[in-house]
Amino acid sequence: MNYPIIFRLLGLIMSAMTLAFLVCWGIGLVHGGQPTDDGTQSAFLFSGAIAAVLAVGFFHLGRGASTKFFRKEALSVIGLGWILASLVGAIPYVLSLDGYPVADAIFESTSGITTTGASVLTNLEELPRSLIFWRSLSQWIGGMGVVVFFVAILSFLGAGGKILFSNESTGQSADLEHSRVRKGVLQLFLIYLTLTTACYFSLWAGGMSWFDAICHTFTTVSTAGFSTRSESIAAFSSPLIEWIMIVFMMLGATSFFFLLLVWNRNWAQCKRATEVFSYYILVGFGIFMFTLFLEASGTTENLHHSLRAAAFQVVSISTTSGFGTEDFDQWPLFCRMSLLALMVIGGCSASTAGGLKMIRLV
């Protein structure tokens with residue numbers, strides 16, 4: 001086992017966590033006039049200091065690391081990286097919220113980093129804005145994978161970079177040529193940033209404040225589901241915002257290798273993307289059937305409401321995002337059972353969505 005290289009990679013992950021905490025500290029300064037945010041500034045500074053100390057310690061243990069990097073090292077970095085990021089990510093919750101249980105903090109942090117979207121927090125509107133920002137940012141980081149973010153800069157690993165990437169991703173990493181791993185992952189990251197930027201400006205133009213727009217951008221592109229409001233997207237009562245999020249949730253649940261082919265205009269390979277086409281057909285059929293059932297049951301107000309409600313909930317559940325606009329407990333039994341099935345199937349492989357993945361169903 002090449003322990004030094006494992007420590008070095010964990011040091012990179014902790015460096016990223018340090019930077020993320022400093023960004024959240026900056027958000028706390030912007031909202032410093034609000035009483036709820038005054039205490040979080042020191043909390044994020046302290047959290048950043050802990051992450052920085054861990055980063056320095058790991059880099060010290062990893063000094064002189066060789067470039068030998070095999071599957072066992074890759075699996076170790078991935079497993080330890082997720083666990084360590086989740087534990088360190090829980091520190092701001094403990095320090096910012098008085099009497100907040102450590103178990104709840106770890107749960108919330110792990111849910112964010114792994115983009116699960118389950119939450120034990122209530123009354124989100126009363127929480128510090130910087131802490132809400134950290135919830136969303138943690139999901140954006142976890143969207144592409146804490147480890148994947150660093151493969152692009154690990155050129156010193158050579159073949160090890162491809163091993164790390166292929167273990168972190170469920171997609172076809174063979175699509176990235178052995179000698180072009182760094183370039184390929186940089187392109188994937190650039191696509192992720194492009195989707196993030198486009199989603200932010202779309203939501204902001206659609207009526208969200210800059211803070212709500214950036215937080216929901218993080219959790220929409222990562223198909224993760226945390227919101228700044230206790231009522232989720234229903235709190236905004238905006239059909240335009242819902243349609244924007246439908247588009248970007250679908251893009252987030254689309255295989256990033258397919259998006260990479262589109263980015264490089266490789267149309268011949270795009271035509272062979274059976275998984276992506278099958279996923280879009282399934283979602284489209286689900287929306288059509290849900291609309292019919294909602295119209296027949298009289299649950300919604302009109303046809304557009306039925307179509308919008310069906311589209312948003314089918315996409316939100318099938319991408320494992322978990323945003324909500326409707327009380328679907330009141331929907332017909334067919335719709336509720338179908339949502340459960342869609343949740344199990346999930347999105348495409350090599351996407352930010354969870355679930356079984358469409359490729360296995362195909």
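Tutor: A residue counts as buried under 20% relative accessible area, exposed over 50% and partly exposed in between, with a 1.4 Å probe and only protein chains considered. By that scale arginine 308 is buried here, because its relative accessible area is 14%.

Student: What kind of model is this, and how are its residues numbered?

Tutor: This is a predicted model, in which local features need pLDDT of at least 70 and side-chain atom pairs pLDDT 80 or more, whereas totals for chains, interfaces and linings use all residues. Residues are numbered from 1 along each chain as its sequence is written, and side-chain values use heavy atoms, without hydrogens or water.

Student: How many salt bridges does a search of the whole structure find?

Tutor: A salt bridge needs a side-chain nitrogen of Lys or Arg within 4 Å of a carboxyl oxygen of Asp or Glu, and the search of the whole structure finds three. In one of them glutamate 242 pairs with arginine 308, and their closest N and O atoms lie 2.8 Å apart.

Student: Where do glutamate 242 and arginine 308 lie?

Tutor: Helices here are DSSP runs (H or I, at least four residues), numbered from the N terminus. Glutamate 242 belongs to helix 11 and arginine 308 to helix 15 (residues 303-318), so this pair ties together parts that are 66 residues apart in sequence. Glutamate 242 is buried as well, since its relative accessible area is 5%.

Student: Which side chain meets arginine 135 in a salt bridge?

Tutor: Arginine 135 meets the side chain of glutamate 108, at 3.1 Å from N to O. This pair links distant parts of the chain, with arginine 135 in helix 6 and glutamate 108 in helix 5 (residues 102-113), 27 residues apart, and both partners are buried.

Student: How close do arginine 229 and aspartate 212 come in their salt bridge?

Tutor: The closest N and O atoms of arginine 229 and aspartate 212 are 2.9 Å apart. Aspartate 212 sits in helix 10, while arginine 229 is in the loop between helix 10 and helix 11 (239-252), so parts that are 17 residues apart in sequence are tied together.

Terms used. Helices (H or I, at least four residues) and strands (E, at least two) are DSSP runs, numbered from the N terminus.
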